[in-house]
Amino acid sequence: MAAPFAEQLLNWYRENRIDRPWRRDPRPYSVWLSEVMLQQTQVETVIPYYTRFIGAFPTIEALAAAPLDDVLKLWEGLGYYSRARNLQRAARIIVGEHGGEMPSEVGDLLKLPGIGRYTAGAIASIAFGRAAPLLDGNVIRVFTRLLDLDDDISQSATQKKLWRIAADWLPAQGVGEYNQALMELGQRVCRPQNPLCADCPIQADCRAWSAGRQNQRPVRAKRKTIPHYDVTAGLIRDERGRLLIAQRPLDGLLGGLWEFPGGKVEAGERLADCLKRELREELAIDVEVGGLFTMVDQAFTHFKITLQAFDCRYLGALPPHREPQALGVRDWAWVTEGQLADYSFGKADRMLIAELSRRRQMLL
């Protein structure tokens with residue numbers, strides 16, 4: 001049966017919803033792109049990326065035909081780069097197998113790379129009006145407070161229960177609006193900390209609010225300690241002053257992005273020895289490791305790193321080679337500092353580029 005609060009929620013949404021670029025463009029492609037970008041990313045961060053991306057690739061066909069480097073460059077800074085790679089992979093499947101038309105059914109959407117149950121439900125309901133539930137962090141928070149649910153939301157049994165509730169509570173009409181209303185309520189009113197219960201249109205249906213437990217819901221297990229790794233990178237210059245950069249393999253972390261080459265320090269290994277080893281293994285080159293250029297910290301979802309970058313002088317390729325080899329990387333290139341802007345880099349490497357620029361300006 002439909003949620004008892006559905007009518008009040010929809011009325012609130014229709015009167016209070018915030019204008020978003022993708023809401024002005026109801027095409028399935030726009031819904032898909034926005035939902036992928038919004039995964040683990042704040043709305044205000046997404047808006048300029050969405051605008052630039054849809055401007056560069058206005059159709060699924062345009063995205064499918066674009067060079068991967070161009071796609072990653074427009075995604076640069078948005079993070080979770082597998083989303084961009086999967087987006088293009090899915091676009092190429094849609095063009096090749098669906099005539100460029102986005103599938104409308106959840107089952108077909110789930111077969112596409114990068115589309116999970118939540119994204120499939122969002123596309124099917126919002127773009128096509130299908131009776132498809134969805135569950136993201138915002139909706140989970142709303143549901144657990146409405147039900148005053150004390151189950152650990154990280155457990156699969158709790159997830160299954162919430163998906164059943166999401167399906168049971170779908171209204172007979174306006175499913176797309178209803179799903180968007182739930183997400184917007186969670187984002188704007190039913191916030192993680194200090195929810196604005198006085199502004200909630202469905203407060204009367206909220207058991208946690210009635211019991212004064214809204215700040216104790218949802219319940220989740222304590223996070224494990226996040227591991228930390230030391231990583232090295234080389235600012236390797238040739239006799240012309242150019243810098244050597246390498247492209248990461250597509251199937252790993254930050255796949256397809258460019259970087260200053262290096263790698264993770266092994267137990268008991270000196271930083272300079274690590275850097276020389278990584279460069280031999282990945283590019284078959286030898287360098288003279290100089291002084292520390294700078295250190296930067298970066299936090300990923302499940303670990304943290306300290307990247308320690310060293311000035312290096314290029315000594316040459318290891319015999320019998322005459323130039324670097326793409327052994328553990330997808331590609332490599334010698335570039336000037338001015339050309340770095342043409343390549344897509346992860347956050348830590350962009351911080352190194354910013355430091356290069358800062359020091360260059362100091363010399364002017």
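Which residue in E7 is the bridge partner of Ile-245? In E7, that partner is Ala-333.

First, the ground rules. This is a predicted model, in which local features need pLDDT of at least 70 and side-chain atom pairs count only at pLDDT 80 or more, while totals for chains, interfaces and linings use all residues. Residues are numbered from 1 along each chain as its sequence is written, and side-chain values use heavy atoms, with hydrogens and water left out.

Now the overall picture. The protein has 14 helices and 7 strands; these are DSSP runs, H or I of at least four residues for helices and E of at least two for strands, numbered from the N terminus. The C-alpha trace spans about 75 × 50 × 40 Å along its principal axes. Of the 364 residues, 49% are buried, where buried means under 20% relative accessible area, exposed means over 50%, and partly exposed is in between, with a 1.4 Å probe and protein chains only. The protein exposes about 18,100 Å², and carbon and sulfur atoms supply 49% of that; the areas come from the Shrake-Rupley method with a 1.4 Å probe, and for residues only the protein chains shown count as cover. Among contacts (heavy atoms within 4.5 Å) between residues at least 6 apart in sequence, 66% join residues at least 24 apart.

Back to the strands. E2 and E7 run antiparallel and are joined by 5 bridges; strands count as paired if DSSP finds at least two bridges between them. Besides the Ile-245 bridge to Ala-333, Leu-244 has Trp-334 as its bridge partner in E7. E7 is largely enclosed by the rest of the structure, because 4 of its 5 residues are buried. E2 also pairs with E3, again antiparallel, over 2 bridges, and here Ala-246 stands opposite Glu-259.

The structure holds 11 aromatic pairs. Rings of Phe, Tyr and Trp (its six-membered ring) pair if their centres lie within 6.5 Å; planes under 30 degrees apart are stacked, over 60 edge-to-face, and the rest tilted. One of the pairs is Trp-258 with Tyr-343, edge-to-face at 5.0 Å centre to centre and 70° between the planes. This pair links distant parts of the chain, 85 residues apart: Trp-258 is in strand E3 (258–259), and Tyr-343 is in the loop between strand E7 (331–335) and helix H14 (347–363). Is Trp-258 buried or exposed? Trp-258 counts as buried because its relative accessibility is 4%. Tyr-343, at 22%, counts as partly exposed.

Elsewhere, Phe-5, Phe-143 and Trp-169 form one aromatic cluster. Arg-52 lies over the face of Tyr-49, 4.8 Å from the ring centre, and Arg-359 lies over Phe-293, at 4.1 Å.

Next, the cores. In soluble globular proteins, nonpolar side chains tend to be buried together. A nonpolar core here is a set of buried Ala, Val, Leu, Ile, Met, Phe, Trp, Tyr and Cys residues joined through side-chain atoms within 4.5 Å. The largest has 61 residues, and those touching the most other members are Trp-32, Met-37, Phe-53, Trp-75, Met-102, Phe-260 and Leu-340. Helix H2 (residues 28–38) gives the most to this core, with 7 residues. Beyond four places in sequence, the residues that Phe-260 touches include Leu-243, Leu-244 and Ile-245, as well as Leu-340 and Leu-356.

A second, separate core of 36 residues includes Leu-170, Leu-182, Leu-185 and Cys-206. Leu-185 lies in helix H11 (residues 175–188) and counts as buried, at 1% relative accessibility. Leu-185 and Met-37 are 148 residues apart in sequence and 19 Å apart in space, C-alpha to C-alpha.

Last, Gln-180, also in H11. Gln-180 is buried, with a relative accessible area of 13%. Leaving aside neighbours within four places in sequence, its contacts are Tyr-13, Arg-23 and Ile-126.

Definitions and conventions. Lys NZ or Arg CZ within 6 Å of the ring centre and 35° of its normal.
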